[in-house]
Amino acid sequence: MANTDLELGRKIEKYLLKHGLETPIQKNPIVGRTGRFGAIEIQVHKMLVTLGMDLNDDSICDTPKRVAKMYTEEIFYGLDYNNFPKCSIFQNKAKIDEMVCVRNILVRSICEHHLVPFVGVAHIAYIPNTKIIGLSKFNRVVDFFCRRPQVQERLTEQIAAALRLILATEHVAVYIDAEHMCVKLRGIQDPHSSTVTSKLLGNFKEVPELRYEFLHAIKS
């Protein structure tokens, strides 16, 4: 992928591991796109045959390839820190010391319990210290951590921790509201519920007025 930063990605990986926030990932996974692609294609083929599907039918014969491509190139690219997005960082020359808030960032991830989607929005805020970040980079950081099997609680923590490290500030807030297909399509099959998670760091947690300002901003 273009515009990536492996060095930054590795720093964030180490930070998440240190704080117990990393996604459960094997130490020695199958490496290389070809190796992963082939292994997934074979296993999907076996699964469909086991379910009783006719893989000779022209509608489904290429499904194992499609799923392998989707998993390795699209929805799970966030498992590889080689793909961590480059984040444009600038000196806070204007000495900005008020809340910067980015609302309604698209969240689209895959529940690691049932491998079905959950979709929603993230709202992020921070108080700059010596650094500010290009606004679109919030979207890219969110998307990176979404592109792996996830639970929403950990996703929220990972985004907050990564931004804390990138921005070198203690004052970060992340709020996610998402609908889970594992709730809507199976189990209880509730079409109406959504899940809200948040992580408030620094003054967003300790100063009630700032916490209220953030929550009011994202709901207004």
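Start by selecting Leu51, in the loop between helix H2 (33-50) and helix H3 (63-75); helices here are DSSP runs of H or I, at least four residues, and strands are runs of E, at least two, numbered from the N terminus. Leu51 has 63% relative accessibility, so it counts as exposed (over 50%; buried is under 20%, partly exposed in between, with a 1.4 Å probe and protein chains only).

A quick note before moving on: this is a predicted model, where local features need pLDDT of at least 70 and side-chain atom pairs pLDDT 80 or more, while totals for chains, interfaces and linings use all residues. Residues are numbered from 1 along each chain as its sequence is written, and side-chain values use heavy atoms, without hydrogens and water.

Next, go inside. Pick Ile12, Phe84, Phe138, Phe145 and Ile159: they have the most contacts within the largest nonpolar core, which has 38 residues (a core is a set of buried Ala, Val, Leu, Ile, Met, Phe, Trp, Tyr and Cys residues joined through side-chain atoms within 4.5 Å). Helix H1 (6-18), strand S2 (100-111) and H5 are among the elements giving two or more residues to this core, and H5 gives the most, with eight. Apart from this core lies another, of 11 residues, including Ile127 and Phe204.

Last stop: Thr169, in the loop between helix H5 (152-167) and strand S6 (172-180). Is Thr169 buried or exposed? Its relative accessible area is 3%, so Thr169 is buried. Its side chain reaches the backbone oxygen of Ile127 at 2.9 Å and the backbone nitrogen of His171 at 3.2 Å.

How values were computed. Polar contact = N/O pair within 3.5 Å; in protein donor to acceptor, adjacent residues only side chain to side chain.
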